[in-house]
Structures are given as C-alpha cells and as structure tokens.
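Let's take a friendly walk through a protein together.

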Amino acid sequence: MKVIETKLHGCVVIEPTVFGDARGCFFETWNAERFAAQGLPDRFVQSNVSTSAQGVLRGLHYQWPRSQGKLVSVLEGEVYDVAVDIRRGSPTFGQWEAVMLSADNKKQFWIPEGFAHGFAVLSDRAVFSYLCTEVYLKEFDAGVRWNDADIAVDWPVGAPTLSAKDERAPFLKDIAEDCLPVFMP
C-alpha cells in the first residue's frame, strides 16, 4: 500500500495495492500489521456503512470527548471527502483537506481523532464505509456547520441535501473550547 501525507498532520490517503485480471480485482482494505508498520491504527472497534443519494452532504461530524478516528472508503459511487482540524492549539486549526474517494480509485482516507469529518456525494448513489477507533456515543455526538465561512471548504455541491442536525450545527468559532479536542504534538 502507498501512504500519502496531507497538509493536516496525521490525515493520510491510502492507496492499496490492487491485484486485477479479467475476472475482477482483489485488495486489502485493512491489515493490522501493515497499518501498524506505517504508524496507522491496528485496532478498530466499530464498522459502519451509509448509503446516500447524489447531492447529499453529511457533516461536519466529530465526537467529543471520546473522539473517533475513522478509516473511510467508498464501496459504490464517488464522494468528496473532507477532514477539518478542530484540535485546540493545533498549528492547522480550522484548516481542511479533501480527497476524492470512489469505488473506482479504491483510495482510503485516514482521519485521526480530533478532526471533524464530512462528505458530499457526487455519483447517483454512494455506499460509504467507516472503520472507527471508538464506538459511537450519542451523548458525545457533535458537529461543525458544513458551510462555515471561516473554514471555507470548497464543496463541489451548491445546494446540498442536509439533515436537520447538519443544517443547524454551530460555526467553529461558536463552539466552547472545552467542547473541542486538544492538539497533542
């Protein structure tokens, strides 16, 4: 596998080695030993799959205080996937990184604990996979407004379909400091 650093320390794009022939293809989506050798997580505690229609935007979500790291990929379709650094004291606080993830390119995006995450669906439909380092806990579920002007994510959808929760998520500057993760160099 190939691991590609991004401008957000800890967030990496993973390009698996794909073996293919006329029958189709095979590739590993996760291998504890290979991931650990790259400094990536070797343990996940929850696996999720979501299905969304074109134009759906989910995010920007995070969990605090029991943060989740997420290894994300697309099983069907294509999405524009975004991570935002929301760690207090981080040199890249409020900055974002985006990756095109698709069933065709087979890329994965590792988003460590302390980042908000979201994606916009570009294909007719997308099936999205998450491996998480912490279980989902509703009482710690949180979010940042998807169109926060201070973050200025360049979303490729103009008028996305949003959940009520995502429509009313707070702007990053309005979130109390003790409700955000802390940067640990």
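This report starts with the whole chain and then visits a few single residues.

## The whole protein

Please keep in mind that this is a predicted model. The protein contains two helices and 13 strands. Its radius of gyration is 16 Å, close to the 16 Å that the globule rule gives for 185 residues, so the protein is as compact as a globular protein of that length. Along the principal axes, the C-alpha atoms fill a box of roughly 55 × 35 × 30 Å.

How much of the protein is buried? Buried residues make up 47% of the 185 residues. Take the contacts with a separation of 6 or more: 78% of them are between residues 24 or more positions apart.

## Surface and charge

The accessible surface of the protein comes to about 9,500 Å². Carbon and sulfur atoms account for 51% of that surface.

Now look inside. The largest nonpolar core has 20 residues. Which of them touch the most other members? They are Val82, Val84, Ile86, Val144, Val153 and Trp155. The elements that give two or more residues to this core are β6 (57-63), β8 (78-85) and β11 (115-121). Apart from this core lies another, of 19 residues, with Val56, Val74, Val79 and Val99 among them.

Leaving out residues up to four places away in sequence, Val84 touches Leu60, Gly94, Gln95, Trp96, Gly114, Phe115, Ala116, Ile151 and Val153.

Strand β12 covers residues 125-132, and Cys132 lies in it. Is Cys132 buried or exposed? With a relative accessible area of 1%, under the 20% cut-off, Cys132 is buried. Cys132 and Lys70 are 62 residues apart along the chain, and their C-alpha atoms are separated by 4.7 Å. Lys70 is also one of the residues that Cys132 touches, together with Phe44, Val45, Gln46, Asn48, Gln68 and Gly69, not counting residues up to four places away in sequence.

Ser129 lies in strand β12 too. Ser129 is buried, with a relative accessible area of 12%. Beyond residues up to four places away in sequence, Ser129 touches Asn48, Leu71, Val72, Ser73 and Leu75. Gly69 is 60 residues from Ser129 along the chain, and the C-alpha atoms of these two are separated by 13 Å.

## A loop with a buried serine

Next, find the loop between β6 and β7 (70-76), where Ser67 has its place. Ser67 is buried, with a relative accessible area of 15%. Which residues does Ser67 contact, leaving aside neighbours within four places in sequence? They are Glu113, Gly114, Thr133, Glu134 and Pro181. Tyr130 is 63 residues from Ser67 along the chain, and their C-alpha atoms are separated by 14 Å.

Pro65 also has its place in the loop between β6 and β7. A cis peptide bond joins Trp64 and Pro65, with omega about 15°.

## Other backbone details

Where else is there a cis peptide bond to look at? One joins Gly59 and Leu60, and its omega is about 5°. Leu60 is found in strand β6. Leu60 is also among the residues that Val84 touches.

Lys106 is a residue other than glycine with a positive phi, near 60°. Lys106 is found in the loop between β9 (96-102) and β10 (108-111), and at 18% relative accessibility it counts as buried. Ala152 has a positive phi of about 60°, although it is not a glycine. Ala152 lies in the loop between β13 (141-143) and α2 (164-167). Is Ala152 buried or partly exposed? At 44% relative accessibility, Ala152 counts as partly exposed, since that label covers values between 20% and 50%.

Definitions and conventions:
Residues are numbered from 1 along each chain as its sequence is written. This is a predicted model: local features need pLDDT of at least 70, side-chain atom pairs count only at pLDDT 80 or more; totals for chains, interfaces and linings use all residues. Side-chain values use heavy atoms; hydrogens and water are left out. Helices (H or I, at least four residues) and strands (E, at least two) are DSSP runs, numbered from the N terminus. The radius of gyration is taken over C-alpha atoms; the globule rule is 2.2 Å times the number of residues to the power 0.38. Buried means under 20% relative accessible area, exposed over 50%, partly exposed in between (1.4 Å probe, protein chains only). Contact means heavy atoms within 4.5 Å. Accessible areas come from the Shrake-Rupley method with a 1.4 Å probe; for residues, only the protein chains shown count as cover. A nonpolar core is a set of buried Ala, Val, Leu, Ile, Met, Phe, Trp, Tyr and Cys residues joined through side-chain atoms within 4.5 Å.
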